[in-house]
Number of protein chains: 2
Amino acid sequence: MKKFNVVIVGASGAVGQELLKILDERNFPVGELRLCATSRSAGKVMLFKDQPYQVEITTPDSFNGMDIALFAGGIASKEFGSAAVERGAVVIDNSSNYRMDPAVPLVVPEVNPEDVKWHQGIIANPNCSTIQLVVALKPIHDAAKIKRVVVATYQAVSGAGREGIEELTGQTRAVLDQGEITPKIFPYPIAFNLIPHIDVFMDLDYTKEEWKMVKETQKILHDDAIAVTATTVRVPVYRSHSEAVNIETHRKITAQEAKRLFESFPGIVVIDDPGAKLYPMPLFASNRDEVFIGRIREDNSIPNGLNIWVVADQIRKGAATNAVQIAELLVEYGCLMNN
Amino acid sequence: MKKFNVVIVGASGAVGQELLKILDERNFPVGELRLCATSRSAGKVMLFKDQPYQVEITTPDSFNGMDIALFAGGIASKEFGSAAVERGAVVIDNSSNYRMDPAVPLVVPEVNPEDVKWHQGIIANPNCSTIQLVVALKPIHDAAKIKRVVVATYQAVSGAGREGIEELTGQTRAVLDQGEITPKIFPYPIAFNLIPHIDVFMDLDYTKEEWKMVKETQKILHDDAIAVTATTVRVPVYRSHSEAVNIETHRKITAQEAKRLFESFPGIVVIDDPGAKLYPMPLFASNRDEVFIGRIREDNSIPNGLNIWVVADQIRKGAATNAVQIAELLVEYGCLMNN
């Protein structure tokens with residue numbers, strides 16, 4: 001079987017570590033593997049299939065001979081993206097740097113796999129909150145055409161990386177032991193609190209996170225007519241984002257029909273049996289690759305309304321798993337540059 | 001100054017304790033005070049204005065000579081409500097037992113104070129999530145007529161009383177110390193988790209909590225044409241409920257206009273300055289009596305849309321404060337039975 005040389009940029013962070021784990025779990029045909037990061041993490045040793053790999057400082061030459069460059073996030077893809085492409089690697093970028101670039105496909109493999117085919121060297125991985133949203137919306141949109149979506153998010157601290165996780169743990173201990181709290185990563189204490197502010201504020205007082213959910217959803221579903229409005233909120237949960245999603249469709253869709261559509265869509269697991277107290281929760285979605293949907297209810301406040309509750313591990317499906325699935329599509333469609 | 005005899009039924013619980021505190025803080029003209037509860041709490045001593053009061057077992061005679069009976073919650077008002085009324089007390093009931101009874105006013109003093117005037121002995125205090133919602137909706141409804149509301153809640157564990165608080169603390173310690181968790185009050189672990197299930201499941205797979213937000217809102221605003229749909233979620237926060245509220249009005253209302261309307265409405269505090277990272281959060285709303293509103297944004301996914309974020313202490317404004325405010329209205333309007 002043909003193998004592919006893979007470099008991970010930002011390998012030592014939360015998403016980078018998960019990328020490594022998922023390449024292994026999904027048995028991606030890795031040839032040569034290179035782990036890169038900033039000087040802060042260089043020298044660190046990480047394991048892949050029981051073999052040690054030393055993290056190197058990213059340089060343009062890190063991409064020599066590589067087929068696929070997985071960028072975990074941050075500004076690295078701005079700095080090294082074109083160097084990677086020039087050297088023949090296809091970049092799969094988890095940052096927001098290129099997502100809205102019309103020359104860059106924004107891909108969720110269950111939703112718009114064909115878009116990988118027109119890449120020009122870079123493919124963007126959508127924002128975590130968007131990925132699980134569009135997976136849920138796609139079967140409904142195909143069946144009944146979505147008119148409008150109102151979404152409120154409940155986002156885990158690991159969306160802010162490992163420092164976010166450590167901050168929640170540290171602050172939680174401090175609250176329980178009556179200690180002092182000094183927020184670092186989040187603007188206010190997150191332990192036993194909610195912060196309705198993720199990423200920076202932009203137009204009309206919406207945050208960048210909220211705009212991402214609007215714009216990326218329209219781009220991935222190829223439909224600027226889908227109206228989306230979002231309120232994004234950080235919650236004291238370690239892992240997995242949750243979303244209360246209200247959907248208005250052009251054609252009426254029953255809860256029963258929605259449930260069937262979700263059940264037959266790849267990557268979705270329906271957990272929806274109120275009588276048995278079964279519904280998705282972040283605690284049970286973590287370390288899973290699927291998007292979990294429950295609380296499926298007709299919304300009779302409008303003629304064609306639907307409410308759903310969507311939970312997914314935002315480090316896996318919301319980032320690393322989705323990126324590796326894109327790599328798999330590149331192989332399947334023969335869209336690598338050295339193919 | 002005339003004084004009024006007050007009995008608190010369920011005095012030892014979270015809401016009962018808060019009622020006592022608020023009667024003191026607001027200098028309610030308390031004459032004789034009687035504290036009642038079930039046999040489990042009888043004998044307990046509680047302080048009011050530095051005087052000790054012993055908690056007694058509730059009996060029909062607990063209401064002899066009382067002007068106002070504050071029922072903290074639960075089934076007590078079903079058991080003793082009519083006995084209280086027969087003895088000349090006006091019942092202010094924090095339970096859901098009588099809220100949808102057409103013969104019982106459901107009152108939020110800032111919103112529909114006049115409704116106390118037609119009471120027949122019992123006045124119902126609305127559900128905590130509803131109270132803060134209708135305070136936010138009222139000025140918008142008066143100015144631009146509300147057509148539809150989509151709300152997602154983030155509800156604190158103290159909504160389930162003191163046991164809810166203890167369960168969050170116990171489970172949080174267990175998670176940090178790698179211990180075992182056995183849920184008691186909540187159906188699943190709540191520490192570092194979210195549970196999209198509050199109260200029992202009912203029609204169309206909505207929970208009773210969700211239906212309360214629909215039906216009580218319509219009753220309080222005297223307008224069954226206001227369409228409401230809700231998703232209610234328990235979050236690992238000790239105190240204060242938060243709500244992401246999307247509002248569609250008949251007339252267009254700008255964010256600026258909405259902000260002015262909120263600012264001039266009694267009981268509302270606007271915290272909304274994204275540039276200075278100012279928005280309401282449960283940590284800072286707790287132990288306050290006001291409803292805090294921020295993240296006020298026009299929602300351009302529809303012609304007349306508005307998004308807001310509403311936070312309030314659900315034990316105070318969502319329960320005890322609202323009940324004492326109703327008692328104040330009864331005094332002000334001369335609506336007590338012995339007046």
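I count two strands as paired if DSSP finds at least two bridges between them. The model is predicted, and I read every entry below with that in mind.

**Sheet, chain B.** I looked up the pairing of β2(B), residues 30-37, with β5(B) and found the parallel sense over 2 bridges. By the rule above, at least two bridges are needed, so I list β2(B) and β5(B) as a pair. Within β5(B), Ile57(B) is the residue that stands opposite Ala37(B).

I then traced the whole sheet. It is open and has 6 strands, in the order β5-β2-β1-β6-β7-β8 of chain B, with parallel pairing. Which strands are at the edges? I noted β5 (56-57) and β8 (122-124) of chain B, each of which pairs on one side only. As background, strands of a sheet pair through backbone hydrogen bonds, either parallel or antiparallel.

**Helices on the sheet.** I checked what lies across these strands. Helix α2(B), residues 76-86, lies across β1 (4-9), β6 (68-71), β7 (90-93) and β8 of chain B. I noted its angle to β6(B) as about 175°. Helix α8(B), residues 316-332, also lies across β1, β6, β7 and β8 of chain B, and runs at about 155° to β7(B).

**Helix pair.** I followed α8(B) to its packing with α3(B), residues 128-144. Their axes are 8 Å apart and the angle is about 85°. Angles of 65 to 115 degrees count as roughly perpendicular, so α3(B) is roughly perpendicular to α8(B). From α3(B), the contact is made by Cys128(B), Ile131(B) and Val135(B). From α8(B), I listed Lys317(B), Gly318(B), Ala319(B) and Asn322(B). I sorted the residues of this contact into 4 nonpolar, 2 polar and 1 charged.

**Copies.** How is chain B superposed on chain A? I found a rotation of 180° with 0.0 Å of shift along its axis, at an RMSD of 0.0 Å. That is the relation of a two-fold axis. The same surface serves both copies, since 100% of the contact residues of chain B recur in chain A.

I looked up the UniProt record, an unreviewed entry, which lists Gln155(A) and Arg234(A) under "binding site". I placed Gln155(A) in the loop between β9 (146-154) and α4 (161-176) of chain A.

Notes. Residues are numbered from 1 along each chain as its sequence is written. Chains are lettered from A and ligands numbered from 1 in the order in which they are written. This is a predicted model: local features need pLDDT of at least 70, side-chain atom pairs count only at pLDDT 80 or more; totals for chains, interfaces and linings use all residues. Side-chain values use heavy atoms; hydrogens and water are left out. Helices (H or I, at least four residues) and strands (E, at least two) are DSSP runs, numbered from the N terminus. Contact means heavy atoms within 4.5 Å. Axes are lines fitted to C-alpha atoms, for helices over the stretch in contact, and angles run from 0 to 180 degrees between N-to-C directions. Copies are superposed by least squares on the C-alpha atoms of residues with pLDDT of at least 70 in both. Angles under 35 degrees count as roughly parallel, over 145 as roughly antiparallel, 65 to 115 as roughly perpendicular and the rest as oblique. Ala, Val, Leu, Ile, Met, Phe, Trp, Tyr, Cys and Pro count as nonpolar, Asp, Glu, Lys and Arg as charged, and the others, Gly among them, as polar. UniProt positions are given in the numbering used here, feature names are shortened, and annotations may be inferred rather than shown by experiment.
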